[in-house]
Amino acid sequence: QVQLVESGGGLVQAGGSLRLSCAASGRTFTNYAMGWFRRAPGKEREVVATISRGDGRTNYVDAVKGRFTISRDNAKNTVYLQMNSLKPEDTAVYYCAASTLGSISGSYDLWGQGTQVTVSS
């Protein structure tokens, strides 16, 4: 069973940076499209960024464009989310997820446990 384990969350002041990591067990990581999602208090979960399995195409929600960067290192079975110029409204639990069917726009069916990101003003 493939597992996803996030790390790198924490408390940061507005304008600061954090890098989230998501390590995947198993040898099929390269077949998965990967994504980062977040759920803020009182809000529904939303997609933040996704990255394809092959050519590394990326997509971002408008609210983070130009500030966040998703990347993957297939040799390390790890996907990253570099978050710069953080704002208080970025405060949320961030989840790593995999689309095991390999579709960047499809259903994400494998999830990590989440990591808390808190941005103070």
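**Exercise 1.** Determine which residues Q116 touches in this predicted model, leaving aside those up to four places away in sequence, and describe the setting of Q116.

*Solution.* Begin with the contacts: once residues up to four places away in sequence are set aside, Q116 touches G9, G10, T91, A92 and V93. Turning to the side chain, that of Q116 makes a polar contact with the side chain of T118, at 3.3 Å. Finally, compare sequence with space for Q116 and R38, which are separated by 78 residues along the sequence and by 9.3 Å from C-alpha to C-alpha.

**Exercise 2.** Classify the geometry of the aromatic pair formed by F37 and Y108, and work out which parts of the chain the pair ties together.

*Solution.* The structure holds three aromatic pairs. For the pair of F37 and Y108, the ring centres are 5.3 Å apart and the planes stand at 70 degrees; since an angle over 60 degrees counts as edge-to-face, the pair is edge-to-face. To locate the partners, note that F37 lies in strand β4 (residues 33-39), whereas Y108 lies in the loop between β9 (92-99) and β10 (110-111), so the pair ties together parts that are 71 residues apart in sequence. As for accessibility, the cut-off for buried is under 20%, so F37, with a relative accessible area of 10%, is buried, and Y108, at 11%, also counts as buried.

**Exercise 3.** Describe the aromatic pair of Y95 and W111, and identify the cluster to which these residues belong.

*Solution.* The rings of Y95 and W111 are 6.5 Å apart, centre to centre, with 75 degrees between their planes, and this pair is edge-to-face. It links distant parts of the chain, given that Y95 is in strand β9 and W111 in strand β10, 16 residues apart. W111 has a relative accessibility of 28% and therefore counts as partly exposed. Taken together, F37, Y95, Y108 and W111 form one aromatic cluster.

**Exercise 4.** Find which arginine residues lie over the rings of F37 and F29, and give the distance in each case.

*Solution.* Starting with F37, R45 lies over the face of this ring, at 5.9 Å from the ring centre. For F29, the charged end of R72 sits over the ring, 4.6 Å from its centre.

Key. Residues are numbered from 1 along each chain as its sequence is written. This is a predicted model: local features need pLDDT of at least 70, side-chain atom pairs count only at pLDDT 80 or more; totals for chains, interfaces and linings use all residues. Side-chain values use heavy atoms; hydrogens and water are left out. Rings of Phe, Tyr and Trp (its six-membered ring) pair if their centres lie within 6.5 Å; planes under 30 degrees apart count as stacked, over 60 as edge-to-face and the rest as tilted. Helices (H or I, at least four residues) and strands (E, at least two) are DSSP runs, numbered from the N terminus. Buried means under 20% relative accessible area, exposed over 50%, partly exposed in between (1.4 Å probe, protein chains only). A charge sits over a ring if NZ of Lys or CZ of Arg is within 6 Å of the ring centre and within 35 degrees of the ring normal. Contact means heavy atoms within 4.5 Å. A polar contact is a pair of N or O atoms within 3.5 Å; within protein, one must be able to donate a hydrogen and the other to accept it, and residues adjacent in sequence count only if both atoms are side-chain atoms.
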